[in-house]
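Hi everyone, thanks for coming. I'd like to walk you through one protein chain today, so please have a look at it with me.

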Amino acid sequence: MAHIQMQDNRVIDIIKLVRLEGLFRAPSREIDHCLISALVEQWRPETHTFHLPHGEMSITLQNVEVIFRLPIDSKVLVGPTAVVDGDWSQLRMELLGFTPANDNKTLVGQRILISRLIDAIAKPLPYDATEIQIQQYARCYILALLGDKLFMDKSRDKVHLMFLEFLRNLHDPPQYSWGSGCLAWLYRELCRASEKGASQIGGACTLVQY
């Protein structure tokens with residue numbers, strides 16, 4: 001995503017509506033894998049803190065709000081992780097505008113390849129794009145942004161389609177607490193990464209590094 005420069009005001013306006021402008025403006029940073037590994041070794045799942053020589057430290061909601069400028073109030077990101085009616089291919093076609101072809105190369109279970117989303121926004125939106133096209137384009141960008149910076153999974157190249165449900169209504173989108181969702185996801189990933197035998201970590205590693 002560091003190489004994708006979004007300059008279309010129609011898409012940026014939608015990003016502002018869903019309260020993700022801070023994440024959109026946040027610069028990308030190279031992850032220091034050795035530093036992340038060293039910190040994970042000091043993570044204690046019982047207290048959700050890092051045990052360091054000078055005391056305990058943790059990542060707080062205030063950190064998320066200041067660093068990513070994400071909202072930490074309003075509605076909680078809660079919802080089903082499975083499609084009740086239909087399947088993921090239909091949801092993808094409806095909200096992202098993807099054709100059913102090559103599902104096995106685009107969808108992996110309930111996750112979609114971020115590279116596929118980037119391919120969809122590689123070309124600028126036509127000036128005469130319809131409202132539906134604009135929203136589908138915006139969802140592709142926002143979903144890739146979420147998967148790249150906030151809700152990264154261990155594969156580092158996929159994002160869960162469940163986040164599409166929070167982007168369904170872009171005319172008057174519900175106001176969500178993206179910051180608390182980001183922190184909860186990161187805590188879970190840190191706890192999993194601290195288990196014996198774990199070799200990968202997901203979540204907003206940028207927050208851990210900062």
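**A walk through the chain**

Let's begin with the surface: the protein chain exposes about 11200 Å², and carbon and sulfur atoms supply 51% of that. Accessible areas here come from the Shrake-Rupley method with a 1.4 Å probe, and for residues only the protein chains shown count as cover.

A word on where this comes from. The model is predicted, so local features need pLDDT of at least 70 and side-chain atom pairs count only at pLDDT 80 or more, while totals for chains, interfaces and linings use all residues. Residues are numbered from 1 along each chain as its sequence is written, and side-chain values use heavy atoms, with hydrogens and water left out.

Now the overall picture. The protein chain has 10 helices and six strands; these are DSSP runs, with helices being H or I of at least four residues and strands E of at least two, numbered from the N terminus. Its C-alpha atoms fill a box of roughly 60 × 35 × 30 Å along the principal axes.

How much of the chain is buried? Buried residues make up 45% of the 210 residues, where buried means under 20% relative accessible area, exposed over 50%, and partly exposed in between (1.4 Å probe, protein chains only). Of the contacts with a separation of 6 or more, 70% involve residues 24 or more positions apart; a contact means heavy atoms within 4.5 Å.

On to the charged side chains. Side chains of opposite charge can pair when their charged atoms come close. How many salt bridges does a search of the whole structure find? The search finds seven, a salt bridge being a side-chain nitrogen of Lys or Arg within 4 Å of a carboxyl oxygen of Asp or Glu.

One of them joins Asp8 and Arg10, at 2.8 Å from N to O. Asp8 is buried at 17% relative accessible area, and Arg10 is partly exposed at 26%.

Another joins Glu94 and Arg168, at 2.9 Å from N to O. Glu94 sits in helix α5 (residues 88–96) and Arg168 in the loop between β6 (158–160) and α9 (178–193), so the pair ties together parts that are 74 residues apart in sequence. Both partners are partly exposed, Glu94 at 46% and Arg168 at 33%.

Then there is Lys158 with Asp157, at 3.1 Å from N to O. Lys158 is buried at 16% relative accessibility, whereas Asp157 is partly exposed at 34%. Shared partners also link salt bridges into one network of Glu94, Glu165 and Arg168.

Last, a look at the backbone. Most residues other than glycine have a negative phi. Which way does the phi of Arg19 go, positive or negative? Arg19 has a positive phi of about 65°, although it is not a glycine. Arg19 lies in the loop between α1 (9–17) and α2 (21–25) and is partly exposed at 23%.

His48, also not a glycine, has a positive phi of about 55°. You'll find His48 in the loop between β1 (43–44) and β2 (49–52), partly exposed at 28% relative accessible area.
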